[in-house]
Amino acid sequence: MGDDNDTDITEFILLGFSGYGFLQGHLFWGVLCIYVVTLLGNSLIILLTLVDSALHSPMYFFLRHFSVVEILYTTTIVPRMLADLRSSCPTIPLASCFTQLYFFALFGIAECCLLTAMAYDRYAAICCPLHYTTLMSQGTYTGLVGASYLAGVISGTTHSIFIFTLPFRGAKTIHHFLCDILPVLRLATASTFWGEVGNLFVTITFIFVPFLLIVASYACILATILGVATSQGRQKLFSTCSSHLFVVILFFGTGTVAYMRPQADSFGDTDQIITLFYTVVTPMCNPFVYTLRNKEVTGAMRRLMKRYF
């Protein structure tokens, strides 16, 4: 399939995992099962936090929106990925690529900000329990969620408009399974310097800085926990934030490895595997992390089952 260097392209070829043809069938069914579990698990969290009055607190308000974002985030990627795994020549129109990149950036950044808000909520609950209702009022936690979505909209809009105003001629093969920022930048026929700078700026602002804020919150939480006199009290306090800390390490660890690189041409198979992990696998883990070790959520599940069954 030849490329015309003088013609604006109207679609991209998503190379994805085509180099692993003998594994594509297994990968299809594996990703499909993970996607179904992700939808069911996160939908269950949304349902429980809506119908059970015991879960009507700021922490579970954040968790409900986090689950909504997880569902939308994976839905932006997985359905097309599954279709491409069954296609001999997976292509994506330019407009669809623009849309996918926009929502991928929007929900990814919103997730980072929501994790930061959840860390602040744990900090306020553990380090300032007497002032918790003041620090985490209804206006505060709804404002934090709104700011998280707004940050995602700003990031998605900025990235999408800048990247897709660049000329794309000639090469049209994206060495990835989705329209991500760096692989698409690589195909632009004009200078991508400002695009790379913008990507690095967004990464630092909405990934690295939130991660530092989370680390600072947990440093204060750890100091508070160590100051508790009894081991039972320390264990109880740590159990309230261990699930969130685990999710933070998973998401920010893989995201930082994937995006803290200035070169737009540094994408390879390793990066695809990292992206697959934090876009497909991690959202499936979150419902288990937040429910299996959380007595309030498991209690809500028992009450829900008793009510209907």
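Trainee: Is Arg-122 buried or exposed?

Mentor: Arg-122 is buried, with a relative accessible area of 10%; buried means under 20%, exposed over 50% and partly exposed in between, for a 1.4 Å probe and protein chains only. This is a predicted model, in which local features need pLDDT of at least 70 and side-chain atom pairs count only at pLDDT 80 or more, while totals for chains, interfaces and linings use all residues. Residues are numbered from 1 along each chain as its sequence is written, and side-chain values use heavy atoms, with hydrogens and water left out.

Trainee: Which side chain meets Arg-122 in a salt bridge?

Mentor: That of Asp-121, at 2.8 Å from N to O. A salt bridge is a side-chain nitrogen of Lys or Arg within 4 Å of a carboxyl oxygen of Asp or Glu. Asp-121 counts as buried, at 0% relative accessibility.

Trainee: How many salt bridges does the structure hold?

Mentor: It holds 2. Arg-303 and Asp-52 also meet through their side chains in a salt bridge, at 3.0 Å from N to O. This pair links distant parts of the chain, 251 residues apart: Arg-303 lies in helix α10 (residues 295-308), and Asp-52 in the loop between α1 (24-51) and α2 (58-85). Helices (H or I, at least four residues) and strands (E, at least two) are DSSP runs, numbered from the N terminus.

Trainee: And what is the relative accessible area of Arg-303?

Mentor: It is 39%, so Arg-303 is partly exposed. Asp-52, at 6%, counts as buried.

Trainee: Changing topic, at what angle do α1 and α9 pack?

Mentor: About 40°, with the axes of α1 and α9 (residues 269-292) 9 Å apart. Axes are lines fitted to C-alpha atoms, for helices over the stretch in contact, and angles run from 0 to 180 degrees between N-to-C directions. The two helices are therefore oblique to each other; angles under 35 degrees count as roughly parallel, over 145 as roughly antiparallel, 65 to 115 as roughly perpendicular and the rest as oblique.

Trainee: Which residues meet there?

Mentor: Among them are Leu-27, Val-31 and Ile-34 in α1, and Leu-276, Val-280 and Phe-288 in α9; contact means heavy atoms within 4.5 Å.

Trainee: Finally, how many helices and strands does the chain have?

Mentor: The chain has 10 helices and 3 strands. Of its 309 residues, 49% are buried.
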